[in-house]
Amino acid sequence: MTQTLTPQSRVPDLTLPLVGGGEFDLASAQAEKFHILVVYRGVHCPKCQAQLKEIETEFNDLAVDGFNVVALSMDSEDRAQRAKDEWEIETLPIAYGMDISTAKSFGLFISDALSEKEPSHFSEPGIFVVRPDGTLYAQYIQNTPFGRVPIREIASGLKYAAENDYPVRGTSTV
């Protein structure tokens, strides 16, 4: 069963291999202000391609603003490599091999394939903003491939939040 993360909660452990070698380990990754984890559906998804290409064009500015951005999916190494190559992603790190259990621990929706282009199961998209201490600041979870928040809009809000010590919202116990 999918669980929902709550603001200020510790996010699940996340260690995944990266296309081209190495690994992304959230616990040891460095971010001045925030980690931005961009979960994409897989190489079969044209909306994901558009999103990752947008992030690719903003990647250096995001890093300068203090954001550590990584894309990740349930794709296999081969499919993740295809996404990197076919979508011409050069600087944005792409992690792969997230399992269903991990996807559900982040509260992601899981879909079944509708065509032979899709893997049998994959997660729908989501963006998780994580503080350097490993706690959740914000999340954007979808059950459809369309209607994504532009990365520049998210980054603009996070830059304001960091500069003004803007608190985590959605924490009322009412």
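The model described here is predicted.

**Pairing of the strands**

- Strand 3 and strand 4 (residues 67-72) run parallel and are joined by six bridges.
- Within strand 4, Ala71 is the bridge partner of Val38.
- In strand 8, Ile127 stands opposite Val38.
- Strand 8 is in turn linked to strand 9 by five bridges, again in an antiparallel arrangement, and Tyr140 of strand 9 stands opposite Ile127.
- These strands belong to an open sheet of five strands with mixed pairing, in the order 5-4-3-8-9.
- Strand 5 (94-95) and strand 9 each have a single partner strand and stand at the edges, so one side of each has no neighbour in the sheet.

**Helix 1**

- The 19 residues of helix 1 should span 27 Å at 1.5 Å a residue, and this agrees with the 28 Å between its end C-alpha atoms.
- Glu58 is among the buried residues of helix 1, together with Cys48, Gln51, Leu52, Ile55, Glu56, Phe59 and Leu62.
- An α-helix has 3.6 residues a turn, so residues three or four places apart point the same way.
- The buried residues of helix 1 pack against strand 3, strand 4, strand 8 and helix 4.
- After helix 1 comes Gly66, which has a positive phi near 95°.

**Nonpolar cores**

- The largest nonpolar core has 32 residues, of which Tyr40 and Val69 touch the most other members.
- Two or more residues of this core come from each of strand 3, helix 1, strand 4, helix 2 (77-86), strand 8, strand 9 (136-141) and helix 4 (151-163).
- Apart from neighbours within four places in sequence, Val69 is in contact with Ile36, Val38, Ile55, Phe59, Leu62, Leu92 and Pro93.
- There is also a second, separate core of 21 residues, which includes Leu14, Leu26, Leu72 and Met98.

**Ile154 in helix 4**

- Ile154 lies in helix 4.
- Ile154 has 3% relative accessibility and therefore counts as buried, the cut-off being under 20%.
- Setting aside neighbours within four places in sequence, Ile154 is in contact with Ile127, Val129, Tyr140 and Val149.
- Ile154 and Ile36 are 118 residues apart along the chain, and their C-alpha atoms are separated by 9.5 Å.

Notes
Residues numbered from 1 in each chain as written. Predicted model: local features only at pLDDT ≥ 70, side-chain atom pairs only at ≥ 80, totals over all residues. Heavy atoms only, no water. Pairing = 2+ DSSP bridges. Helix = DSSP H or I, 4+ residues; strand = E, 2+ residues; numbered from the N terminus. Core = buried A, V, L, I, M, F, W, Y, C linked by side-chain atoms within 4.5 Å. Buried < 20%, exposed > 50% of the residue type's maximum accessible area, 1.4 Å probe, protein only. Contact = heavy atoms within 4.5 Å. Expected span 1.5 Å × (residues − 1).
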